[in-house]
Amino acid sequence: MYSFWSSLLLGEHSFTGNPMATHIALSKNIPLTALEFSEWIQLFNATVDDLFEGEKANEAKIRAANIARLMLFKIEAASSI
Ligand code: HEM
């Protein structure tokens, strides 16, 4: 998780995982719908706001929301195959 966000926000290039594939696989075992993503985003934003402020904190929230939207789209597409 550290390397994911360091790569995204600080240009570290240390993350080698595949979060889309990980969450598509996860969604086969537990429901990952718009409801779960909405709760995830609320918790993520609240945690960022508790711990950080400034440009990078805002960028983290915007990028998390964009990735969550794409992830949900891909999960829905994968479940309709
Ligand atoms: C409902 C929403 C979500 C749930 C319930 C969830 C849950 C999880 C779980 C259980 C894992 C561990 C999977 C494993 O090790 O096999 C994981 C990994 C991870 N999640 Fe999520 N996640 C959610 C949304 C997101 C979003 C929106 C992001 C990115 C903005 C994210 C980023 C990651 C990353 C980077 C990993 C590590 C993946 C890897 O090592 O390849 N997650 N998540």
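**View 1. Helix α3 lies largely in the open**. Zero of the 18 residues of α3 are buried, so this helix lies largely in the open. A residue is buried if 20 or more other C-beta atoms lie within 10 Å of its own, exposed if 12 or fewer, and partly exposed in between, with C-beta atoms placed from the backbone. From its first C-alpha to its last, α3 reaches 26 Å, close to the expected 26 Å at 1.5 Å a residue. The expected span is 1.5 Å times one less than the number of residues in the helix. Phe44 lies in α3. It has 15 C-beta neighbours inside 10 Å, so Phe44 counts as partly exposed. The C-alpha atoms of Phe44 and Ala78 are 25 Å apart in space, and the two residues are 34 apart in sequence.

View 2. The model is predicted: local features need pLDDT of at least 70, side-chain atom pairs count only at pLDDT 80 or more, and totals for chains, interfaces and linings use all residues. Residues are numbered from 1 along each chain as its sequence is written. Along the sequence the pattern reads α-α-α-α. Helices (H or I, at least four residues) and strands (E, at least two) are DSSP runs, numbered from the N terminus. The C-alpha trace spans about 40 × 25 × 15 Å along its principal axes. Of the 81 residues, 1% are buried. Among contacts with a separation of 6 or more, 52% join residues 24 or more positions apart. Two residues are in contact if their C-beta atoms, placed from the backbone, lie within 7 Å.

**View 3. Helix α3 against helix α4**. The axes of these two helices, α3 and α4, come within 10 Å and cross at roughly 170 degrees. That makes α3 roughly antiparallel to α4. Axes are lines fitted to C-alpha atoms, for helices over the stretch in contact, and angles run from 0 to 180 degrees between N-to-C directions. Angles under 35 degrees count as roughly parallel, over 145 as roughly antiparallel, 65 to 115 as roughly perpendicular and the rest as oblique. On the α3 side, the residues that meet α4 include Phe37, Trp40, Ile41 and Phe44. On the α4 side, their partners include Ala60, Lys61, Ala64 and Leu72. By class, the contact of α3 with α4 has 12 nonpolar, one polar and one charged residues. Ala, Val, Leu, Ile, Met, Phe, Trp, Tyr, Cys and Pro count as nonpolar, Asp, Glu, Lys and Arg as charged, and the others, Gly among them, as polar.

**View 4. The shell around the ligand**. The ligand is surrounded by 16 residues. Phe4, Gly17, Glu36, Trp40 and Ala68 are the closest. A residue is near a molecule or strand if its C-beta atom, placed from the backbone, lies within 6 Å of it. Helices α2 (19-27), α3 (34-51) and α4 (55-79) each supply at least two residues of this shell. By class, the shell has 11 nonpolar, four polar and one charged residues.

View 5. Leaving aside neighbours within four places in sequence, Ser7 is in contact with Glu12, His13, Ser14 and Phe15. Most residues other than glycine have a negative phi. With 9 C-beta neighbours inside 10 Å, His13 counts as exposed.

**View 6. Met1 and Ile30, two exposed residues**. Met1 is placed in the segment before α1 (2-10). It has 8 C-beta neighbours inside 10 Å, so Met1 counts as exposed. Met1 and Phe15 are 14 residues apart along the chain, and their C-alpha atoms are separated by 8.4 Å. Ile30 is in the loop between α2 and α3. With 7 other C-beta atoms within 10 Å, Ile30 is exposed. The C-alpha atoms of Ile30 and Ala64 are separated by 21 Å, and these residues are 34 apart along the chain.
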